[in-house]
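Open the model in your viewer and keep the sequence panel beside it. This tour says what to select at each stop and what is there.

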Amino acid sequence: MKSLRRYSLFVLTGLLALTYFGGVRTLAGQTADQAIDAPKPKGTVTADTTLSEARRLSQEGKFDEAVGRLEALALKEPELKGLARELGVTYYKKGDYLKAVASLKKALGEDPGDNEAVQLMGLSYYLAGRPVEAIGPLEKVQTWYPSANVDAAYILGICYIQTKDYANARKAFARMFGVPGDSAASYLITARMLLRQDFAPIAEEYAKKAVELDPKLPRAHLLIGEIYLYKSRLPEAIEELQKELELNPGDAAVYYKLADAYSRMQKYEEAERLLQRSIWLDATSTGPYILMGKVLEKKGETALAVRALQRAIAMDPNNPMPHHLLGQAYRELGRAEEAERELKMAEQLRNHQDAKP
């Protein structure tokens, strides 16, 4: 779950960079780049050149050089209008979020109506690990863009979760997904977000509230079952997942999760049957193939396990788990050289994942 959260943050940060720096419009209808590159009075030619050069360096990913140029310019012309904003944007791109906040505060002192700077300051606080300070600016963003700014709504909801303001988190996610704030759907969506943030007890409470409000809501029992799996409460997980199957018999994920529960209880025949159904419904997911490999190996059907794991690797070659399991299967079959190759590959992939920030 931690790797999923890390991956989500990486994707989200990249998306925000595109959203807020590639085409954000100023109040004059220009992009931020166009606004700074527009012609200036003759007396500021040197400053203009420095700003343009800093922007070019930033666009090339040379953030340290860009910051150096801008900081040098700030020493010469500390009151130059627009410089603090440019520094804030560049610090954000560089990942120096607290310095971005300081510069953006100064920029807002120059132009209190700079909505993009307010938004960027909220994002900077969040990415600096200060959700309490992020909430104020991001709440303002929601009043300006009540339905359009989905990224800011998501981050605002996460900030509310991190500060344990679950009611406002639910409202933020409801607004983000366009559902009523007190609906069963809003509770279910928030429960899913809570589970992703490792708030399992509150996630369980919210998922159960969703079922209470709408007993036939799709995937509500699935989520409760996943929470019980997360807690290793296997009989309760099976009960909830079977309820989901009664409501939603065409969902491949339900069969997969139910098979996971049965495999943990060493009921391998039942697990294999459910996994086959999951694969029939959705042959694009690697999880059922990996679990099938585990189950078949436990049943002593090692040759069939190899085929399932090879399929998983073909679909997701950078996942260390199927490589490791395939190495173990090859070892059982006496294929030592292939076993060594797969186990070594699994270790390399795992080390590569652990090395990522």
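Start with a term for the stops ahead: buried means under 20% relative accessible area, exposed means over 50%, and partly exposed lies in between, with a 1.4 Å probe and protein chains only. This is a predicted model, where local features need pLDDT of at least 70 and side-chain atom pairs count only at pLDDT 80 or more, while totals for chains, interfaces and linings use all residues. Residues are numbered from 1 along each chain as its sequence is written, and side-chain values use heavy atoms, with hydrogens and water left out.

**The whole chain**

Show the protein chain as a cartoon. It has 20 helices and 0 strands. Both are DSSP runs numbered from the N terminus: helices are H or I with at least four residues, strands are E with at least two. Of the 357 residues, 46% are buried. The chain exposes about 18,200 Å², and carbon and sulfur atoms supply 54% of that. Such areas come from the Shrake-Rupley method with a 1.4 Å probe; for residues, only the protein chains shown count as cover. Contact means heavy atoms within 4.5 Å. Among contacts in the chain with a separation of 6 or more, 48% join residues 24 or more positions apart.

**Stop one: K164**

Select K164. Its place is the loop between α9 (150-162) and α10 (166-177). Is K164 buried or exposed? K164 counts as exposed, because its relative accessibility is 60%. Check the backbone too. Most residues other than glycine have a negative phi. K164 is not a glycine, yet its phi is positive, about 65°.

**Stop two: A203**

Go to helix α12, residues 200-213, and pick A203. A203 is at 0% relative accessibility, so it counts as buried. What does A203 touch, leaving aside residues up to four places away in sequence? The list is A191, L194, L195 and I227. Draw a distance from A203 to I227: they are 24 residues apart along the chain, and their C-alpha atoms are separated by 7.9 Å.

**Stop three: R219**

Move to the loop between α12 and α13 and select R219. R219 has a relative accessible area of 36%, so it is partly exposed. Its phi is positive, near 75°, and R219 is not a glycine.

**Stop four: α13 and α15**

Colour α13 (residues 220-230) and α15 (residues 252-264). Their axes come within 11 Å and cross at roughly 25°. That makes α13 roughly parallel to α15. Axes are lines fitted to C-alpha atoms, for helices over the stretch in contact, and angles run from 0 to 180 degrees between N-to-C directions. Under 35 degrees counts as roughly parallel, over 145 as roughly antiparallel, 65 to 115 as roughly perpendicular, and the rest as oblique. Show side chains: L222, E226 and L229 of α13 meet A253, V254, K257, D260, A261 and R264 of α15. By class, this contact has 5 nonpolar, no polar and 4 charged residues. Ala, Val, Leu, Ile, Met, Phe, Trp, Tyr, Cys and Pro count as nonpolar, Asp, Glu, Lys and Arg as charged, and the others, Gly among them, as polar.

**Last stop: α16 and α17**

Select α16 (residues 268-281) and α17 (residues 286-298). They pack at an angle of about 155°, with axes 10 Å apart. The two helices are therefore roughly antiparallel. From α16, the contact includes Y268, L275 and I279; from α17, it includes Y289, M292 and L296. The residues of this contact divide into 10 nonpolar, 2 polar and 2 charged.
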